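Biologist: I would like to learn how to read a model of this kind feature by feature, with the general idea before the particular case. Could we begin with the structure in view?

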Amino acid sequence: MTEIEIGRSKRARRAFAFDDIAVVPSRRTRDPQDVSVSWGIDAYQFEIPILAAPMDSVVSPETAIAMGKLGGVGVLNLEGLWTRYENPLPVLSEIRSLPAATATKRMQELYAEPIKAELITARLAEVRASGVTVAAALSPQRTQEFYQTVVNAGVDLFVIRGTTVSAEHVSKETEALNLKKFIYELDVPVIVGGAATYTAALHLMRTGAAGVLVGFGGGAASTTRASLGIHAPMATAIADIAGARRDYMDESGGRYVHVIADGGLGTSGDVVKAIACGADAVMLGSALARATDAPGGGWHWGHEAHHGELPRGNRVHVGQVAPLEQLLYGPAAVADGTANIVGALRRSMATTGYSDLKEFQRVEVVVAPYSAAGSSAVTAPSSDVTL
């Protein structure tokens, strides 16, 4: 890839965000009803390639169940309010009503409440009792402490999700999580991330992970680019990590690791382009926080927003568009890509002539930088994807 000279001593590689690219129709079209958007990982099959992100504004036990019944996966945050408070509803209500000037400080205080193992067990049991696939997430720092509780509770998919997760974490003070040993000893599929480079993803694949999250769990509510100067344009990140998947298949004799885009997917068009760049599925945060039945009530925040030492995110207002089922399946009453996400994916695949997700990963993509001038762009552009 062509490098750009920043100055005499520094060169940089050109990278692309979703807003910089577009998919191109081919000679063939299909009827949308003939298109399959089903997806599977390990022994689990799903009607749609969508995971709801483990964020308190997006997934509660109730919405995890709803996502499962709608054909996707709801990933419960095991370090969130549902595992810190017996009744988190008053806390959620307070977070929604906080003045902007004091929101970060008060959220730090609210999330200082200890995580309770018995609540982890209770919340996962609630999801399991509904009959849907049980998926839950911990950060690498908490995995050693609580993973046995999670496994005993009967989780189906285990997600290790952090700002960035590496197979080689170096620390002089603490013993790092040995991902390869951990995944080998665990009897459930593990999805790990985020990662944003070919090399980082390849190392994660070699640990035995069933899936790798692309990105850093950031997006609409993240300020990491401003606070740390780190930014990973998602179109390039996904394409690079899809390349790592291809090379790892050759290296491992055919073992397929799923690539899951995680971050900056604000509209249905972003979902389309993520899969076109090589993702097998997507993990959505702000896009699902807009549901009228989402626990955030029109507000959205991630774990970066209440970090005790260096917050790298905000509580942001994303509004309420429609109930979760309508956000996924329509009908849409808006034309900005925030509703009928699955319908839009089907129609894009049909318009470009592809019958399933694996085929659609071969669609032609062009570089076509997007100008928002005169458009009705939604809050928080998808190109601002950060740690």
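Biologist: Where does glycine 313 sit in the chain, and is glycine 313 buried or exposed?

Modeller: A residue is placed by the elements on either side of it, and in this predicted model glycine 313 falls in the loop between strand 14 (299–300) and strand 15 (316–317). Glycine 313 counts as buried because its relative accessibility is 4%, and buried means under 20%. The C-alpha atom of glycine 313 is separated by 7.0 Å from that of glycine 302, which is eleven residues away along the chain.

Biologist: What do the totals say about the chain as a whole, for instance how many helices and strands it has?

Modeller: Totals give the setting for the local features, and here the chain has 14 helices and 16 strands. Of its 387 residues, 54% count as buried, while the accessible surface comes to about 16900 Å², with 49% of that belonging to carbon and sulfur atoms. Among contacts between residues at least 6 apart in sequence, 68% join residues at least 24 apart.

Biologist: How should I read salt bridges, and how many are there?

Modeller: A salt bridge is read from the distance between a side-chain nitrogen of Lys or Arg and a carboxyl oxygen of Asp or Glu, which must be within 4 Å, and the count comes to 15. One of them joins aspartate 262 and arginine 161, at 2.9 Å from N to O. Aspartate 262 lies in strand 12 (residues 258–262) and arginine 161 in strand 9, so this pair ties together parts that are 101 residues apart in sequence. Both partners are buried, aspartate 262 with a relative accessible area of 3% and arginine 161 with 7%.

Biologist: Which elements does the pair of arginine 128 and aspartate 156 tie together?

Modeller: The side chains of arginine 128 and aspartate 156 meet in a salt bridge of 3.0 Å, N to O. Arginine 128 lies in helix 4 (residues 117–129) and aspartate 156 in the loop between helix 5 (140–153) and strand 9 (157–161), so the pair ties together parts that are 28 residues apart in sequence. Arginine 128 counts as partly exposed at 34% relative accessibility, whereas aspartate 156 counts as buried at 12%. Salt bridges may also link up, and Glu94, Lys105, Arg106 and Glu109 form such a network.

Biologist: Why does arginine 84 have no salt bridge, in terms of distance?

Modeller: The nearest side chain of opposite charge, glutamate 79, is 5.1 Å away, and because a salt bridge requires the atoms to be within 4 Å, arginine 84 has none, although arginine 84 is buried. Arginine 84 is placed in the loop between strand 7 (73–77) and helix 2 (89–97). A polar atom of the side chain of arginine 84 lies 2.6 Å from the backbone oxygen of tyrosine 111. Leaving aside residues up to four places away in sequence, arginine 84 touches several others, among them Glu79, Tyr111, Glu113 and Leu119.

Key
Residues are numbered from 1 along each chain as its sequence is written. This is a predicted model: local features need pLDDT of at least 70, side-chain atom pairs count only at pLDDT 80 or more; totals for chains, interfaces and linings use all residues. Side-chain values use heavy atoms; hydrogens and water are left out. Helices (H or I, at least four residues) and strands (E, at least two) are DSSP runs, numbered from the N terminus. Buried means under 20% relative accessible area, exposed over 50%, partly exposed in between (1.4 Å probe, protein chains only). Lys and Arg count as positive and Asp and Glu as negative; His and the chain ends are not counted. A polar contact is a pair of N or O atoms within 3.5 Å; within protein, one must be able to donate a hydrogen and the other to accept it, and residues adjacent in sequence count only if both atoms are side-chain atoms. Contact means heavy atoms within 4.5 Å. Accessible areas come from the Shrake-Rupley method with a 1.4 Å probe; for residues, only the protein chains shown count as cover.
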